[in-house]
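Subject: Structure handover

Hello,

Here is the structure I promised you. Please open it first, then read my notes below.

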Amino acid sequence: MIDTIARTQHMNLHLMSGGSGLHILKSITFAIKPGEVISVVGPSGSGKTSLLMVLGGLEKASDGLVSVGGKNLGGLNEDQLADVRRQNIGILFQNFHLIPSMTALENVALALEIAFDDLPLAEIRARARSALAEVGLSERETHLPSALSGGEQQRVGLARAIVTRPRLLLADEPTGNLDQQTAASAIDLLFGLARRNTMAVLLITHDNGLAMRADRRMQLDRGELREVEAGG
Ligand SMILES: Nc1ncnc2c1ncn2[C@@H]1O[C@H](COP(=O)(O)OP(=O)(O)OP(=O)(O)O)[C@@H](O)[C@H]1O
C-alpha cells in the first residue's frame, strides 16, 4: 500500500497576467497520507485555490513534482490526467455547483456516469442512493436543489464528491456559504466520512476553528506553504 495519496516536491506555479508573470506557488513540498485531514488557511490571494487546482490535475505545475495516486502528473496527457482524477479525486466547492434542473439523486448519479461511463444504470442509481444515504438525505432524493436548504445542498455536493469513492477529497471553502451551526455539522459529516472511508481531505478554509479540527494544519502565505505546529 502506498503511504501517500498525493505529494509535491519543490512545485512552482507561474501564471501570466496582463503580460507579466506571477509566481503563484513557491517551491511547495508536502504530502498527504490516506485518511489524513489537512487544513490550509491563508489570506485571500495566497494561492489556496491554485494549490487545490494543481493537486486536482486541473492546473499544470510550472515545475517540480506533483504525484497523485502514485502517478507523476507532469508526464501525463489530458486523457491520462482525467483517469487519475476519476480514480482518486473528489472535489467539493463552496457554491455547491449543483445542476438546478436535476434532482438530488440525478445530480449525484451524473457525477458517477461521467466518471465511469460503462457502469450499468441500475448500479449507478444504487450507488447514488447509497451516497445520499451516507449524507442523511435519503428523504430528499427527488428534490430539486431549489427545494433544499443551503446545508442540504452542500450535503448533496458532498454525496456527489464521494460517490466515486475518491481517496483524496479536495474541499475549497465548503462551508463558506453556510451559517456557523450548519457549517459545523457539515464538517462533522465530512470528517466522519473521511474516517470511515479512509479518505484523505485537503480542506481550504478561512475559519480557524474548523482548521484546528484537522489532523494537520498548513498555512499559505504569498504562495509559500508551511506547517502550523500543534498549539500554533
Ligand atoms: N488564471 C489566473 N491568471 C492569473 N492570475 C491568477 C489566475 N488565477 C489566480 N490568479 C492569481 O493567483 C493568486 C492566487 O489566487 P488563488 O485563487 O489561488 O488564491 P486564494 O488563496 O484561493 O484566494 P481566496 O481566498 O481569495 O479565494 C491571486 O493573486 C490571483 O489573482
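Start with helix H1. Its buried residues are Lys48, Ser50, Leu51, Leu52, Met53, Val54 and Leu55. That is seven of the eight residues in H1 (residues 48-55), so the helix is mostly covered, because a residue is called buried if 20 or more other C-beta atoms, placed from the backbone, lie within 10 Å of its own. Helices (H or I, at least four residues) and strands (E, at least two) are DSSP runs, numbered from the N terminus. After H1 comes Gly57, with a positive phi near 70 degrees.

Two notes before you go on. Residues are numbered from 1 along each chain as its sequence is written. The model is predicted: local features need pLDDT of at least 70, side-chain atom pairs count only at pLDDT 80 or more, and totals for chains, interfaces and linings use all residues.

Next, the ligand. The residues around it are Leu15, Ser17, Leu22, Ile24, Gly42, Ser44, Gly45, Ser46, Gly47, Lys48, Thr49 and Ser50. Each has its C-beta atom, placed from the backbone, within 6 Å of the ligand. H1 gives the largest share of this shell, three residues. Strand E1 (6-17), strand E2 (20-32) and H1 each supply at least two. By class, the shell has three nonpolar, eight polar and one charged residues. Gly counts as polar here.

Now the core. A nonpolar core is a set of buried Ala, Val, Leu, Ile, Met, Phe, Trp, Tyr and Cys residues joined through C-beta atoms within 7 Å. The largest one has 64 residues, and Val108, Ala159, Val201 and Leu202 touch the most other members. Helix H3 (residues 104-115) gives the most to this core, with six residues. In soluble globular proteins, nonpolar side chains tend to be buried together.

What does Val108 touch, not counting residues up to four places away in sequence? The list is Ala128, Ala131, Leu132, Val156, Ala159, Arg160 and Val163. Contact means C-beta atoms, placed from the backbone, within 7 Å.

Last, helix H5 (residues 150-162). H5 has 13 residues and reaches 18 Å from its first C-alpha to its last. H5 is mostly covered, with 11 of its 13 residues buried. Its buried residues pack against strand E6 (89-92), H3, helix H4 (121-134), strand E7 (168-172) and helix H6 (180-197).

Best wishes

Technical notes
Buried ≥ 20, exposed ≤ 12 C-beta atoms within 10 Å, placed from the backbone. Contact = placed C-beta atoms within 7 Å. Expected span 1.5 Å × (residues − 1).
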